[in-house]
Number of protein chains: 4
Amino acid sequence: MTDFFKDIPALRYEGADSANDFAFRHYNPDEVVMGKRLEDHLRFAVAYWHSFAWPGTDPFGGQTFDRPWFGDAIDLAKLKADVAFEMFEILNAPYFCFHDADIRPEGADFAENTRNLEIIVDYLGEKMQVSRTKLLWGTANLFSHRRYMAGAATNPDPDVFAFGAATVKTCMDATLKLGGENYVLWGGREGYETLINTDLGREADQMARFLSMVIDYKHKIGFKGAILIEPKPQEPSKHQYDYDVATVYGFLRRYGLENEVKVNIEQGHAILAGHSFEHEIATAASLGIFGSIDMNRNDYQSGWDTDQFPNNVPEVALAYYEILKAGGFTTGGTNFDAKIRRQSIEPADLILAHAGAMDICARGLKAAAAMLEDGTLEAKRRERYAGWDAPAAKAMLTDATLESITERVLSEGINPTPRSGRQEALENLINRFV
Amino acid sequence: MTDFFKDIPALRYEGADSANDFAFRHYNPDEVVMGKRLEDHLRFAVAYWHSFAWPGTDPFGGQTFDRPWFGDAIDLAKLKADVAFEMFEILNAPYFCFHDADIRPEGADFAENTRNLEIIVDYLGEKMQVSRTKLLWGTANLFSHRRYMAGAATNPDPDVFAFGAATVKTCMDATLKLGGENYVLWGGREGYETLINTDLGREADQMARFLSMVIDYKHKIGFKGAILIEPKPQEPSKHQYDYDVATVYGFLRRYGLENEVKVNIEQGHAILAGHSFEHEIATAASLGIFGSIDMNRNDYQSGWDTDQFPNNVPEVALAYYEILKAGGFTTGGTNFDAKIRRQSIEPADLILAHAGAMDICARGLKAAAAMLEDGTLEAKRRERYAGWDAPAAKAMLTDATLESITERVLSEGINPTPRSGRQEALENLINRFV
Amino acid sequence: MTDFFKDIPALRYEGADSANDFAFRHYNPDEVVMGKRLEDHLRFAVAYWHSFAWPGTDPFGGQTFDRPWFGDAIDLAKLKADVAFEMFEILNAPYFCFHDADIRPEGADFAENTRNLEIIVDYLGEKMQVSRTKLLWGTANLFSHRRYMAGAATNPDPDVFAFGAATVKTCMDATLKLGGENYVLWGGREGYETLINTDLGREADQMARFLSMVIDYKHKIGFKGAILIEPKPQEPSKHQYDYDVATVYGFLRRYGLENEVKVNIEQGHAILAGHSFEHEIATAASLGIFGSIDMNRNDYQSGWDTDQFPNNVPEVALAYYEILKAGGFTTGGTNFDAKIRRQSIEPADLILAHAGAMDICARGLKAAAAMLEDGTLEAKRRERYAGWDAPAAKAMLTDATLESITERVLSEGINPTPRSGRQEALENLINRFV
Amino acid sequence: MTDFFKDIPALRYEGADSANDFAFRHYNPDEVVMGKRLEDHLRFAVAYWHSFAWPGTDPFGGQTFDRPWFGDAIDLAKLKADVAFEMFEILNAPYFCFHDADIRPEGADFAENTRNLEIIVDYLGEKMQVSRTKLLWGTANLFSHRRYMAGAATNPDPDVFAFGAATVKTCMDATLKLGGENYVLWGGREGYETLINTDLGREADQMARFLSMVIDYKHKIGFKGAILIEPKPQEPSKHQYDYDVATVYGFLRRYGLENEVKVNIEQGHAILAGHSFEHEIATAASLGIFGSIDMNRNDYQSGWDTDQFPNNVPEVALAYYEILKAGGFTTGGTNFDAKIRRQSIEPADLILAHAGAMDICARGLKAAAAMLEDGTLEAKRRERYAGWDAPAAKAMLTDATLESITERVLSEGINPTPRSGRQEALENLINRFV
């Protein structure tokens, strides 16, 4: 045991009235909601990068966190892993997620990166033997190193494409080895800084080719998890190709990959793209590509990715409502892609941020389940479209033509009277549950 | 002749040093650029709605324009047409565009709307006999009337769908009759005000079905022009389904319509979606769906659709650069979907706004052509990707696998060195031309 | 009695478990919180304009509401007033607010406007004799009529200034007569559409002069209420001079009016200016100019003023927290400057929107009060600054100099260690109450 | 001579038709415009931080620039200075600007920081003996080090206030010693991450006290330059107290400092605050606090501070128009607070970015001067307000009252007719010059 979290106890569910900061008030993993344990609904994951790799820097300031494991050495990487698993235990976290660059020291070249990764993956594997925390997903960091400054799959230099492809192979191997349930691709540099030096068509083809090889390799090695793309509109790039769910869908369709890939949706990325979180989830569900979520929060008055921990129950409830309506998670889960503020420099801050977020999510999911079980909202929604059950209406969706419809409008004198959308009444209804 | 524009002469090209407000300084329709007359490159169109139908209202204020043709009567609609064609002549405008609701009085029902439309279409047809101004495109206004408040194609009420479908038929008929070169669909209400009363999946199917009928009818009647969708992310709706070019493309692919429909891209809509205008054009070109443009300008510090006349040459040049690179317009053109400010209440303001915009576009297009003819920018772009011409690089885009690439990275010790993106140098290059 | 709200009963508090849509679940006016009745804390007001004057138009669509009182005639204005007071009674609303243009027919000139206003003010006065609903504030609409298109106080035309000044006089007279507790100025057109035709310095002087006359007249007629400016950054203007609370404060200081004027803060306007609602309230409180609030909600993904009814308790709680911390309302109150969506066309929608909002505010205020009474948050805040109680620290705020401080830093070797800001822990704390 | 810029010649003015990348096309320092040399108008300064201290990091990626002087050692700092002055010479830059942290190695405490600063200031002083490049302004970096994570002047810990105050003293000493013409304060951390742990009133008082000591010390040491505050709305802080020009003005008035302090306005910060650059300049001029500019460009589709080099002549022209109209710079100048993109890793990129920007500014200023000399725009502006010259209009700005004005409106039947704002016509006019 390290002493990083010394004096911080493992968190237990104590109920809403607990006076204990280090307790869950709403997240009782064993509570059964809609026939399933809360833990199995929410499938919480801790993100290795924000919690253990990010030093607290921002564009105007340097490191604020003082972590004994910072530095590029195998022993430090192991110390980091030790502390990580201590935190997983304190939080009773069922899952974690990582990039290769989070867990291993940076090497001088691909070979050294791979060796370092293998050593740490073995170390994590050993720790997982005696931990209940599993791997929700792994991924490769193809955006931080300067070699990727102009992209990985979409780089103008084929050697970078090659380096990235090889790196993804090692990360898929690591994910498989550790029993990961998904493999994620976030293309932070797959986009452009300026259109004037960029060939959009060529870069799209490169990106599709790269993704196809990932899919092929998945099948080759027998990885059963899902391949997930994580949309984001911009930042770090001026424009990112995986802009939002609808854009990713178009890309997948264009290259015939829509049955092989799903999306990992992040609240903050949805906001930056001009959408609500629930919009992106509902869109993915309607397109059949919903996979998993990165739960966090973007400050509404900031134009960059703030990656805060969620703290607004009514908003979170709407997100889980769409997830439950779509059948809940299968391979996916709730990954906290959230970082404590750079002023939150105490070890306790790391724990409390997660504890608070887990409670918020539990409250949100329970409210969403209650709304679904109540059924009124869905009944109102169905009722709004009920006119489409009539034969003449149905026919318009099958064999009518503009001419046949025009004829009917004239002959029947169709002159529709608008009906109330009842938005405020439905918002009141939702507020009974949140 | 009406006396609306009395004392305003027809505008002629007088060169950059002219002291005459009512002249073109840069737009000489007969100037040959890259082997084509400027007029044939730019294909300017006046938008009927902003110039002749909009009363100057905004969400906080009423009518400011005092036009003798305002009101719902056939005679007033004819007066409006008279003035419109007088303006077309003053501007020497090769094209115009309209919605049904711009040109005809509003009727009490579909039959009366249709009758009114037919009368005015005949009247326009007569005027076009003696005018050189042609129809760039027609469209149906399926968003202003209260019946469409919850959408047309995506309305929960099938009667509204029917009314909208019949209306589109009449507008396609009108467009064909007047020799229109495109037919446009802008779905201002095809989206939602709140997700909580909306069924995304069903509405997408409705929208696709509606579009399919439009395509079928186009072929049926032998309309040779293009069907164009105009993307916009929001406003009036909280979310609009045709969010941006990439979203429209995904929608078309989903329903197998990508070979039948192109896009009409508006500068202001691009901005509201978080994109530059040139991004949207380049994206459409790379996806093979570029059709036409709505040229205007959105105030960068406003979050709503300001529809101003373009006035920034360097920006406009980048847009035309992408258009010329994609081969220029075929059926499309430069429609001024722009409105004079509501304080610009004089008839002269209407003329001067268009004259200034035509000059701006002419300057932009000539700068873009010079850049293309110079060739340096494209040479630099190709050079940046030149590494992909090597056999090993090409192989990665055809038959390599993650494993074969990994092997090569290891055996060849591939460790790429980043190369400068040269953004500022390229921006300097562009500034030699604008 | 009109039959507009027929079959809709007066709303009563029935508790959180009520199954009745037409009831309050959380707003019990007589509930005592922090020693005061909820009604006296919240001081709810209905806004005449959104509820009774707005026709449901937006920039892309026409009227959706079908109200029997629409039109410009005294009898219709009286009918509107009848319905308004019926709604006040159904809601048990303690207050309402109005612009002159909301309540009277539009006249052909100032004299007719004044006559119309006087007639309706008398009519409202009679209704108020038998109603418990009082006037929170009155105001003049100096932005909708075309004469104000370039501003009222800041118009380049002195005749418009004069017309606006005279109009404000009549509205102040009306407010006094009806016992209004505040008089509000919102300068929707006091700003500019383009800087290139605008003289900022001159317009600021005009605006200050106008405001000074308002203050003088207030004292002259013995109006005891507060004069309130309502900040907004833009829309309808491209730039509005009363941008936000800090800007208004600077303006007041510049002209020595900071003791005579307070601010009326709107949630949606705060958002459009890049601030949270609570920020604007806390800023005003710290500057000594907090007056009243326009409670509503702006859609976070829209860039225009959506004026929705509030529906997020955690957010509303933070606003009331700042208000309670500042001592609560004195002359101010909670005005619902919110409009039902244009699709909410049923009379019941008007009632339900207000009922839901009143419940949301009641929940927010009760949560805020509980947080304040708990005291932990304020204790943590004070503790964070506790170092400033030391004598050497205090001295820095009175008579130290850069030199004396430098000397002390050197002699004492001051080398501060950062301390956690504890943001997530405090957010968890707040989430115990909301 | 170092060999960092080897093979890059000193840039000379060669005219618009030059084919040489390393030349000025529009910036001829000796060209006389409105009676003054261009160099004396523009007063260009190179910013030490972006060009020599920033490593190319962003929130998602590490260092991309490979500079031989990176590292914390006196010798490296001297090498950096050598290269900086070589660049100043290549660019023929009349000025530079710096933060203490840009030029000196970071020390372990205040004493070591001061020693390091003094060594480097002496070194810079020696270099300036043989260089024509002067110091436009100096400043202290009170935002990057973790000690400042919660602010400097506004820190809850008085020791940080003390450390910051002592640091500013050393930077003011350095600025004086090097003949700096201004001293700048940018409060990147003077604001908050969350309102819930913040005492706005106390922090404002701290900030004012800090500023007062700076002013006192300026007078004490006989520094003749201007004290400048640089507004920015947010980033790195969620909210920054010096939000925009109007906010800074209100702060200065509140504490009686408006005659002692001016503003340094940055294009990118203006954009982030929702303003155009020219708006902020015109506002500062009208308030009498215009000081200097940080010339750069913010990407309009990004919500964070992109600090790009300017490249749009029409926009830059509007900024210089306001500056020239206000009388031009006195102590201020055009500081390029702009960074090459992190992919622009070649030394030549640094030179070309500045060269291009200097040309853009020269074109902008010359266009602005031509517009002013032409006089039409100002004549049109004056004409718009000409009505205010009438005696009755003037009287309204002096001794009229709401009552006297009302009487006049009635007696004279004042019923103003709106006049066109002529926005498009004026935009056309401007486009003759840019």
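Residues are numbered from 1 along each chain as its sequence is written, and chains are lettered from A, with ligands numbered from 1, in the order in which they are written. Because the model is predicted, local features need pLDDT of at least 70 and side-chain atom pairs count only at pLDDT 80 or more, while totals for chains, interfaces and linings use all residues; side-chain values use heavy atoms, with hydrogens and water left out.

**Stop 1: chain A**

Select chain A and colour residues 32-374 and 390-431 separately. These ranges are domain 1 and domain 2 of chain A, with bounds from an automatic or database domain assignment. The centres of the two domains in chain A, taken over C-alpha atoms, are 42 Å apart.

Next, select Glu235(A) and Pro236(A). The peptide bond between them is cis, and its omega is near 10°. Pro236(A) sits in the loop that runs between strand S10 (226-229) and strand S11 (239-240) of chain A. Strands here are DSSP runs of E with at least two residues, helices are runs of H or I with at least four residues, and both are numbered from the N terminus.

**Stop 2: chain B against chain A**

How is chain B laid on chain A? A turn of 180° with a shift of 0.0 Å along the axis does it, at an RMSD of 0.0 Å. Such superpositions are by least squares on the C-alpha atoms of residues with pLDDT of at least 70 in both copies. To find the axis, select Gly250(B): of the residues of chain B, its C-alpha comes closest, at 1.7 Å.

Now show the interface. In it, 92 residues of chain B are in contact with 91 residues of chain A, where contact means heavy atoms within 4.5 Å. Of the contact residues of chain B, 99% recur in chain A, so the same surface serves both copies.

The size of an interface is often given as the accessible area lost when the parts come together. For chain B and chain A the buried area is about 8,000 Å², with 64% of it on carbon and sulfur atoms. Buried area is the accessible area (1.4 Å probe) lost by two parts on being put together, summed over both. Select Ile196(B), Tyr385(B) and Leu402(B): in chain B these lose the most area to chain A, together 10% of what that side buries.

Then select Lys220(B) and Glu403(A). They form a salt bridge, with the closest N and O atoms 2.7 Å apart. A salt bridge is a side-chain nitrogen of Lys or Arg within 4 Å of a carboxyl oxygen of Asp or Glu, and the count between chain B and chain A is two. Helix H6 (residues 158-177) of chain B gives the largest share of the side that touches chain A, 11 residues.

**Stop 3: a loop in chain B**

Select Asp307(B). Its phi is positive, about 50°, although Asp307(B) is not a glycine. Asp307(B) lies in the loop between strand S13 (290-295) and helix H11 (313-325) of chain B.

**Stop 4: chain D against chain A**

A rotation of 180° with 0.0 Å of shift along its axis superposes chain D on chain A, with an RMSD of 0.0 Å. That is the relation of a two-fold axis. In chain D, the C-alpha nearest this axis belongs to Gly303(D), 1.9 Å from it.

How many residues of chain D are in contact with chain A? There are 32, and they touch 32 residues of chain A. The buried area for chain D and chain A is about 2,900 Å², of which 52% is on carbon and sulfur atoms.

The count of salt bridges between chain D and chain A is four. To see one, select Lys238(D) and Asp299(A), whose side chains meet at 3.1 Å, N to O.

**Stop 5: the loop in chain D**

Finish with Glu235(D) and Pro236(D), which are joined by a cis peptide bond with omega about 10°. Pro236(D) is in the loop between strand S10 (226-229) and strand S11 (239-240) of chain D.
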